[in-house]
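Please read it alongside the sequence and structure shown here.

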Amino acid sequence: MKYFQNGINQICAQIIRPLRAEYQQYDLGPIQDQTYTRNDFDLVNHCQQRIKVSLFQGNVQSDVCIIYLHSANGCRLEALRYVNEILNQNYMFLTFDFTGSGISDGNQVTYGYREIYDLQTVITHISQYAKSIVLWGRSMGSVVALLYMQQFQNVFVKCLVLDSPFICLQDIVVQMASKRTKIPNFILNSLSSYVSDEIKNQCGFTMNEINCLNNIKLIKIPAFFITSKIDSIVSHEYTEKLFNHYQGIKTIYYTNQDHNETRDFALVDKVMSWLNQQLLSVGQRIKQKIIFKDHPIPIKLIDLNSFNNKERSSTFDDNRIMSISPKQKITNIQQRFQQVLQTQRSAFIERSISTNKMNISVDVYDTNQIKLMNLNKLKQQNYYNQHTKPITFTKVPNKTRDSSHHRY
């Protein structure tokens, strides 16, 4: 029994105390460069433990900050390869060591059970300077991002980048143990219950409590999932299952790299392009709502008598219509022109009525003048209808050269 308990303790130690990344402050590189400035500082979480933080800022001020969340045996150094790519897009970039990782305080890695409170401490600080936050997590970091949003649902967080997230910690432990040993899965599942109880005694949580699928439907913000079919630790099936249950705007990307391999720049460019699109679309929707509410867009009246081809092309800018067929483009132009024409026609009639009313004196206001006014109104309306026929669009057949003009 003693040997069995020692074996359980060793397994627990490998889970909650993986290899710790050790480095020095100078390994982070220069504090200031031609393209960025790095600010290193400490934050204190709710357990009075210090969190080591690095904030990178480019030459252009930004109110959007991307927070990188490292893996279980990672640290701040893991995010350095993304610095230049992110700062070139004019975003702030922040990375930190979770408690129990890197050179922050703490001795245990809890896979999101305590890390979400470290993240809350960091977000509380950076939200004083940033209006929008993006969480970019890898492996354990992506799980922390999901668990954090399920619990806090912070409105400052606008997008998620989830690189190789797993569903449940117990499934990952059993999967890794089955690959490294020849023990059957039903025996490993029985042993995992003992391991989970021991983790509960040491850290205060069970492995089944670290589950991203339970409340994933609470998250509605856009998410970019990254997985690999050759991942030897987190199977792509786990990430695909999370992707299928996710309720917000979502995209999944398959890379050809293993779990711990360094991500290539093609993937980083793909993520940044997606982030630019999502953050821009959110800002545009908010701006359009504010403009439409406070400043309704006026309808421009067009002089139909001088409505030539040049004015028509400038009024209905065909270049703004993208990704539609030529037939649909013509239909849209016809509909918009008819709307403008109807508006101009109504304005012309109302203006004519107002002018006639102003010319009539109150002293001589009798029934004959009313009849004359109605008659003028009818004449003007008929004249306007005759001279403002709607423009019709016909398809011009392709020109063919006459065979008589061919030179042989």
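The largest nonpolar core has 61 residues, of which Ile 67, Phe 96, Leu 135 and Leu 160 touch the most other members. A nonpolar core is a set of buried Ala, Val, Leu, Ile, Met, Phe, Trp, Tyr and Cys residues joined through side-chain atoms within 4.5 Å. Helix H4 (residues 140–152) supplies the largest share of this core, eight residues. This is a predicted model, in which local features need pLDDT of at least 70 and side-chain atom pairs count only at pLDDT 80 or more, while totals for chains, interfaces and linings use all residues. Residues are numbered from 1 along each chain as its sequence is written, and side-chain values use heavy atoms, with hydrogens and water left out.

**Interior**

- Leu 135 touches Ile 67, Leu 119, Ile 123, Ala 145, Tyr 148, Val 157, Cys 159, Leu 160 and Val 161, residues up to four places away in sequence not being counted; contact means heavy atoms within 4.5 Å.
- Buried residues make up 40% of the 408 residues in the protein, where buried means under 20% relative accessible area, exposed over 50% and partly exposed in between (1.4 Å probe, protein chains only).
- Ser 101, in the loop between strand E4 (92–96) and helix H3 (115–126), is buried, with a relative accessible area of 1%.
- Beyond residues up to four places away in sequence, Ser 101 touches Arg 20, His 70, Ala 72, Gly 74 and Val 109.

**Overall fold**

- The protein has eleven helices and eight strands; helices (H or I, at least four residues) and strands (E, at least two) are DSSP runs, numbered from the N terminus.
- Of the contacts between residues at least 6 apart in sequence, 75% join residues at least 24 apart.

**Salt bridges**

- The count comes to seven salt bridges, each being a side-chain nitrogen of Lys or Arg within 4 Å of a carboxyl oxygen of Asp or Glu.
- Lys 52 and Asp 42 meet in a salt bridge (3.1 Å, N to O); Lys 52 lies in strand E2 (residues 50–58) and Asp 42 in strand E1 (residues 36–44), so the pair ties together parts that are ten residues apart in sequence.
- Lys 52 counts as buried at 17% relative accessibility, whereas Asp 42 counts as partly exposed at 37%.
- Asp 105 forms a salt bridge with Arg 50, with the closest N and O atoms 3.4 Å apart; the pair links the loop between E4 and H3 to strand E2, 55 residues apart.
- Asp 163 and Arg 138 form a salt bridge, with the closest N and O atoms 3.9 Å apart, and both residues are buried.
- Salt bridges that share partners join Arg 138, Asp 163 and Arg 263 into one network.

**Confidence**

- The protein averages a pLDDT of 80, and 72% of the residues score at least 70; pLDDT is the predictor's confidence in each residue, from 0 to 100.
- Among the elements, strand E3 (residues 64–69) has the highest mean pLDDT (98) and helix H9 (residues 309–315) the lowest (42).
- Over residues 399–408 the pLDDT is below 50, and this stretch has one contact in the model beyond near neighbours in sequence.
- Where pLDDT is low, the predicted coordinates should not be read in detail.
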